[in-house]
Amino acid sequence: MDAVMLQLSRARNRLTTPATLTLPEIASSGLAKMFTPALPPDILVNFYINLNKLCLTVYQLHVLQPSTTKNVKLAGGSILHNPGAIFEFGNQRYEVSHVHKVECVVPWLNDALVFFTVSLQLCQQLKDKISVFSSYWNYRPY
């Protein structure tokens, strides 16, 4: 029962808490490769689910020249990276120049979230009942 509850909890958490990715992780994810025709090399895309919404984030990049003396603070993991974020990928340094985000409500995702929550509650109730019955089973009055 613990294994089932763990998987239900992971699935629910995946809907409520999107994965935080670094810009190099997004660049290496291959999401941009699914577009036909191919996206320009200065574009990164990221898809994720947040509660009942499918989100698409598009990052427009600017290649930084090696001689650039900008104060470099490399971007860490985040759901949404802001313009000005700098990262390295493939021996090249990039700066995010523009960010565009689009969200689309997917109604059945809200239902899925409710079902995961109810399933977890039912599993916990079943686990509690099994615990109570097993304590009666192991009880010896003598």
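Predicted model: local features only at pLDDT ≥ 70, side-chain atom pairs only at ≥ 80, totals over all residues.

Trainee: Okay, and where is the place of I79?

Mentor: I79 is in the loop between β2 (53-64) and β3.

Trainee: Which residues does I79 touch, leaving out those up to four places away in sequence?

Mentor: With those left out, I79 touches P18, A19, T20, N46, Y48 and Y59. There's also a distance worth checking on your screen: I79 and T17 are 62 residues apart in sequence, yet their C-alpha atoms are 9.4 Å apart in space.

Trainee: What about T57, is that one buried or exposed?

Mentor: T57 is buried, because its relative accessible area is 0%, and buried means under 20%. T57 lies in strand β2.

Trainee: Let me zoom out. How many helices and strands does the protein have?

Mentor: The secondary structure comes to 3 helices and 4 strands. Reading from the N terminus, the elements go α-α-β-β-β-β-α.

Trainee: What share of the residues is buried?

Mentor: Of the 142 residues in the protein, 20% are buried. As for the surface, the protein exposes about 9,900 Å², and carbon and sulfur atoms supply 60% of that.

Trainee: And what share of the contacts comes from residues 24 or more positions apart?

Mentor: Taking contacts with a separation of 6 or more, 63% of them are between residues 24 or more positions apart.

Trainee: Changing topic: pockets. What volume does the largest pocket have?

Mentor: The largest pocket has a volume of about 280 Å³. It is lined by 18 residues, and A27, A32, P41, I43 and L44 are the ones nearest its centre.

Trainee: Which elements supply at least two residues each of that lining?

Mentor: α2, β1 and β3 (86-89) each do that. The largest share comes from β1, with 3 residues.

Trainee: How does the lining of the largest pocket divide by class?

Mentor: There are 15 nonpolar, 2 polar and 1 charged residues in the lining of the largest pocket.

Trainee: You mentioned P41. Where is its place, and is it buried or exposed?

Mentor: P41 is in the loop between α2 (23-28) and β1 (43-50). P41 counts as exposed because its relative accessible area is 80%, and exposed means over 50%. P41 and A27 are 14 residues apart along the chain, with 10.0 Å between their C-alpha atoms.

Trainee: What volume does the second largest pocket have?

Mentor: About 170 Å³ for the second largest pocket. The residues that line it are R14, L15, P18, A19, L21, S29, L31, N46, F47, Y48 and I49. α1 (2-16) and β1 are the elements that give two or more residues to that lining.

Trainee: On to the backbone. What kind of peptide bond joins T36 and P37?

Mentor: A cis one, with omega at about 0 degrees. P37 is in the loop between α2 and β1.

Trainee: And what is phi for L51?

Mentor: Phi of L51 is near 60 degrees, a positive value in a residue other than glycine. L51 is in the loop between β1 and β2, and L51 is partly exposed, at a relative accessible area of 38%.

Mentor: Look at N91 too: N91 has a positive phi of about 60 degrees although it is not a glycine. N91 is in the loop between β3 and β4, and N91 is exposed, with a relative accessible area of 86%.

Trainee: Last one: what is the mean pLDDT of the protein?

Mentor: The mean pLDDT is 87, and 89% of the residues reach 70 or more. Confidence is lowest in β3, at a mean of 88, and highest in strand β4 (residues 92-105), at 94.

Definitions and conventions:
Residues numbered from 1 in each chain as written. Heavy atoms only, no water. Buried < 20%, exposed > 50% of the residue type's maximum accessible area, 1.4 Å probe, protein only. Contact = heavy atoms within 4.5 Å. Areas by Shrake-Rupley, 256 points an atom, 1.4 Å probe, with all protein chains shown as cover. 1 Å grid on protein atoms, 1.4 Å probe; cavity = no way out; pocket = protein on both sides within 12 Å on 5 of 7 lines; lining within 4 Å. Points joined across faces, edges and corners; volume = space filled by probe spheres on them. Nonpolar A, V, L, I, M, F, W, Y, C, P; charged D, E, K, R; others polar. pLDDT = per-residue confidence, 0-100.
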